[in-house]
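Good morning, everyone, and thank you for making time for this. I would like to walk through one structure with you, so please have the sequence and the picture open while I talk.

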Amino acid sequence: MNVYDLPDKTGHFGPYGGVFVAETLISALDVLREQYEYYQNDAAFQKEFACELKHYVGRPSPIYHAKRWSEHLGGAQILLKREDLNHTGAHKINNTIGQALLARRMGKTRVIAETGAGQHGVASATVAARYGMQCVVYMGAEDVRRQATNVYRMKLLGAEVVPVESGSRTLKDALNEAMRDWVTHVEDTFYIIGTVAGPHPYPMMVRDFQTIIGKEAKIQMLEEYGRQPDALIACVGGGSNAIGLFYPYIDDDNVKMIGVEAAGKGLDTHQHAATLTTGRPGVLHGNRTYLIQDDNGQIIETHSISAGLDYPGVGPEHAWLKDIHRAEYVGITDDEALEAFHALCRFEGIMPALESSHALAYAAKYAPTLAKDKLLLVNLSGRGDKDMATVAQMSGITF
Amino acid sequence: MNRINQTFTALRANHRKALIPFITAGDPDPELTVDLMHCLVEAGSDIIELGVPFSDPMADGPTIQRSSERALKHHVTLYGVFEMVAQFRSKNAHTPVVLMGYANPVEAMGHTIFAKKAQEAGVDGVLTVDYPPEECEQWVDCLGQHNMDAIFLLSPTTKLERIQQVARLAKGYVYYVSLKGVTGALHLDLQNIKAMLEKLRQSVSIPIGVGFGIRDGATARAVAELADAVVIGSRIIEEIESTPRNNVLNKVKTLVQSFRTAINENAPHSNLK
């Protein structure tokens, strides 16, 4: 049996990944890689990480059988990995704790982060408060306007939120700006990237911190169902919750892996963020991966109802899993995601994040095509409280 | 011998240092770029770095990013940039032109097509900001086959092993980034630059240009005493940005002339720290 052991020493997943940054960032990345390679195998570090996940985040997160919804759909059983029950309401905190612990060991006193909808920003501000570090969050000016509540949440946690006015004033521009801050303040600053993208070692490191999701799932499935699921389903923006669930299953050929991208207003429009489904390989934000770009190699603005999936790139490991056909990537539109959002509210009393609703929507399409004894494990990556304003607006309701 | 080598050989013979201005192709608009290039030469520039606009210029500061955005509003593409260089070449056969940009537009076109078209247009060197040496040996070969130099960045934090690696691949000149941070940042430490250039020269045999953070004549002069070339970027872009279009050529010419004069002056004592 082949044992999957990517990335290689230089951070490549096949042709993807790598370190595509200006010389000014190389030495900071070298130091980060060396430090992470050390602490990755350091028992005390791993013990502290596990302890924080248990007592601060509230792990392990349960697997919940969405029985009523499964019955209604009339096919496979839908199981939910409840990352929405984590402290701060999403999987993002798994990674920010890992990186903040590393930052502390590296003697950094200031952390910076980029954020789109604000979830990673909130998770970063949270851990900065927890460990007494200064925190600056870069956020596109457009997103600051759209996500006022999360901006306030970050400020309550003591973070400074810097609106980014350049480019399309969204997540990708916030990422550019955070990189600039890092290269200028590298002595005292640690850059907490929120997804499995960016230059090596970020895609590997963020994945490693998120694999707690899949590791727990493997144990829980055996304990509660006596077997592993037939398929894993997770939404993919940058892809951190998906890789966190998928990674421990990569060598289990019987478990299908399905990543769900944001098809926005439709794959035949230009208003979507389905990078793997419609994009082409290129170089952005420090790694080679699939990108949504025009014929001239300029990055195109994306669209999704869910800000967390609204990104023109995708983690390089997903690019590789797609190319080797180990994982399959599909698109779900805004409308389909919204329908699944409402369905889960009504059938299960669980309000999912709009990001996670994409994974749920695909499960709702897929389950009825399968027998009732099949098991689909969906990563419910976050809760939907943050999305109430968006959902209300889509339904024509003002408060 | 290509134009970059010829230029540095001639400069050395005259005990002069190179002045390398940077502008973004298509900023403020595509019609003005070729005139601006000629104007830079008239003002005493030795090599022109021409920025290829990119939607996500991660290593640049806000000034150069804005210039990229202005150019992209005019839908400037790589083919458009090649046309500008070819037009410039039709009247200027001797001033080297170096394209500076990011990997993705190049990859979208394809390495081989890019190299062929760039050579045909009269490009002499290419600096791809986000291709560090580990990721681009093939690319360097491709440029070499088309008689173009691969220009590389070195930074204050570059370790000896990498300096040697870059020294093996780099042609034309290397571009030493004189401070940590992005283009257009403010503070320079001349003592550090001096020490670092001495270290670089032990491995790098081709000329070394210094850029990032050079905003006035005095700094340019002080840097010229240490380096083989002085690169001026953001300061010129600021001039373009703040000047009405019909006066851009005049203002840029005056500014670049002032840098030229400062660099030529023999002033061993500088009041900069």
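The largest pocket has a volume of about 760 Å³. Let me say what such words stand for here: on a 1 Å grid over the protein atoms alone, a pocket is an open set of points with protein on both sides within 12 Å along at least five of seven lines, a cavity is a set of points where a 1.4 Å probe fits but cannot get out, and lining residues have an atom within 4 Å of a point. Grid points are joined across faces, edges and corners, and a volume is the space filled by probe spheres set on the points. Of the 32 residues that line the largest pocket, Arg146(A), Gln147(A), Ile305(A), Thr390(A) and Gln393(A) are the closest to its centre. Two or more lining residues come from each of helix H6 (141-146), helix H7 (148-156) and helix H16 (388-394) of chain A, and H16(A) gives the largest share, five residues. Helices (H or I, at least four residues) and strands (E, at least two) are DSSP runs, numbered from the N terminus. By class, the lining of this pocket divides into 10 nonpolar, 11 polar and 11 charged residues, where Ala, Val, Leu, Ile, Met, Phe, Trp, Tyr, Cys and Pro count as nonpolar, Asp, Glu, Lys and Arg as charged, and the others, Gly among them, as polar.

Before I go on, please keep in mind that this is a predicted model, in which local features need pLDDT of at least 70 and side-chain atom pairs count only at pLDDT 80 or more, while totals for chains, interfaces and linings use all residues. Residues are numbered from 1 along each chain as its sequence is written, chains are lettered from A and ligands numbered from 1 in the order in which they are written, and side-chain values use heavy atoms, with hydrogens and water left out.

Now to the cavities. The structure holds 10 cavities of 30 Å³ or more, and the largest cavity has a volume of about 380 Å³.

Next, the sheets. Strands of a sheet pair through backbone hydrogen bonds, either parallel or antiparallel; here, two strands pair if DSSP finds at least two bridges between them. In chain A, four strands form an open sheet with parallel pairing, in the order S7-S6-S5-S8. Strand S7 (160-164) and strand S8 (189-192) of chain A stand at the edges with a single partner strand each, so one side of each is left without a neighbour in the sheet. Further in, strand S5 (residues 110-115) and strand S6 (residues 134-140) of chain A pair in the parallel sense over six bridges, and Ala113(A) has Val137(A) in S6(A) as its bridge partner. Helix H5 (residues 119-131) of chain A packs on the sheet, touching S5, S6 and S8 of chain A, and its direction makes about 165 degrees with that of S5(A). Contact means heavy atoms within 4.5 Å, and axes are lines fitted to C-alpha atoms, for helices over the stretch in contact, with angles that run from 0 to 180 degrees between N-to-C directions.

Another open sheet of four strands in chain A has the order S1-S2-S12-S11, and its pairing is antiparallel. Five bridges join S11(A) to S12(A), and Leu284(A) has Asn287(A) in S12(A) as its bridge partner. These strands, S11(A) and S12(A), form a hairpin with one residue between them, and His285(A) in the turn has a positive phi of about 50 degrees.

Most residues other than glycine have a negative phi, and most peptide bonds are trans. His75(B), which is not a glycine, also has a positive phi, of about 55 degrees. The peptide bond from Leu6(A) to Pro7(A) is cis, with omega near 5 degrees, and the bond from Arg59(A) to Pro60(A) is cis too, with omega near 0 degrees.

Finally, how much area do chain A and chain B bury between them? They bury about 2,900 Å², 50% of it on carbon and sulfur atoms, where buried area is the accessible area (1.4 Å probe) that two parts lose on being put together, summed over both. The contact takes 35 residues from chain A and 34 residues from chain B.
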